[in-house]
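Have a look at it first, then go through the points below.

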Amino acid sequence: MRILSTVGVSVLAVLTAFAAPSLAGEEKQGEKEHGKTGHLMVTADQLEWTDVASMPPGAEMAVLEGDPSKEGPFTLRLKVPANYYVPAHVHPAAERVTVLEGTIYMAAGENLDEEDATELGPDSLAVVDEGVPMIGFTRDDPAVFQLNGDGPWGITYLDPDDDPRDESNEDR
């Protein structure tokens, strides 16, 4: 089985990797996340992409708003290459995935068969509830998607051998 981030094709504790700084910065986040001006605007050239330790190699993320490791809402972007797969996993809160570029495939619930995965192209939305098993993957093209959720965020793989954060899994 494979899966994309969350999206959970999405390309969770993904959070260990999501403890990256927000583009808004600590000073601008303040009590309401948007500092003195009451709003946050992020342009594409401000995105700071980093590797995602809690997902298979190849995924990159940029935190746009909030801090996924802390309580409260957050927004992040994930980029994954073609033929990328995120194994069966669950998240500690609902995951909202919006596909921005490319196509991702997701399956959630009891049937995690790739053949039954839903194809999600640009402007598609997937919402998977807390604790619902899911997989995600891409096929011939890379994909970019946005993940919105409430922290603290994380990813737990159903098979611990699938967790890339476990150093004992490096020689698989």
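Before anything else: this is a predicted model, where local features need pLDDT of at least 70 and side-chain atom pairs count only at pLDDT 80 or more, while totals for chains, interfaces and linings use all residues. Residues are numbered from 1 along each chain as its sequence is written, and side-chain values use heavy atoms, with hydrogens and water left out.

1. Strand β6. I'd start with β6, residues 104-108. Helices (H or I, at least four residues) and strands (E, at least two) are DSSP runs, numbered from the N terminus. Four of the five residues of β6 are buried, so the strand is largely enclosed by the rest of the structure. Buried here means under 20% relative accessible area, exposed means over 50%, and partly exposed is in between (1.4 Å probe, protein chains only).

2. Partners of β6. Two strands count as paired if DSSP finds at least two bridges between them. With β7 (residues 118-120), β6 pairs in the antiparallel sense over three bridges, and Tyr 105 stands opposite Glu 119 there. With β9 (residues 134-137) the arrangement is also antiparallel, joined by four bridges. In that pairing Met 106 sits opposite Gly 136.

3. Nonpolar cores. A nonpolar core is a set of buried Ala, Val, Leu, Ile, Met, Phe, Trp, Tyr and Cys residues joined through side-chain atoms within 4.5 Å. The largest one has 26 residues, and the members touching the most others are Met 55, Leu 78, Val 80, Ile 104 and Met 106. At least two residues each come from β2, β3, β5 (95-101), β6, β8 and β10. The top contributor is β3, with four residues. There is also a second, separate core of eight residues, including Tyr 105, Ala 107, Ile 135 and Phe 137.

4. Thr 138. Which backbone atoms does the side chain of Thr 138 reach? A polar atom of this side chain lies 2.7 Å from the backbone oxygen of Pro 81, and the side chain also reaches the backbone nitrogen of Asn 83 at 3.0 Å. (A polar contact is a pair of N or O atoms within 3.5 Å; within protein, one must be able to donate a hydrogen and the other to accept it, and residues adjacent in sequence count only if both atoms are side-chain atoms.) Thr 138 itself is in the loop between β9 and β10 and is buried, at 2% relative accessible area.

5. Asn 83, in the loop between β3 (72-80) and β4 (85-90), has a phi near 55°, a positive value in a residue other than glycine. Asn 83 is exposed, with a relative accessible area of 52%. Asp 123, in the loop between β7 and β8, is another non-glycine with positive phi, about 75°, and is exposed at 72%. Please also check the peptide bond from Gly 151 to Pro 152, which is cis with omega near 5°. Pro 152 lies in the loop between β10 (143-151) and β11 (156-157).

6. Salt bridges. How many salt bridges does the structure hold? Three, taking a salt bridge as a side-chain nitrogen of Lys or Arg within 4 Å of a carboxyl oxygen of Asp or Glu. Glu 60 and Lys 79 make one of them, with the closest N and O atoms 3.9 Å apart. Glu 60 is in β2 (residues 60-65) and Lys 79 in β3, so this pair ties together parts that are 19 residues apart in sequence. Asp 67 and Lys 70 come to 3.8 Å, with Asp 67 buried at 15% and Lys 70 partly exposed at 45%. Arg 165 and Asp 163 come to 2.8 Å; Arg 165 is partly exposed at 25%, whereas Asp 163 is buried at 16%.

7. Val 127. Val 127 belongs to β8 (residues 125-128). Leaving aside neighbours within four places in sequence, Val 127 is in contact (heavy atoms within 4.5 Å) with Glu 95 and Arg 96. The C-alpha atoms of Val 127 and Glu 95 are separated by 5.6 Å, although these residues are 32 apart along the chain.
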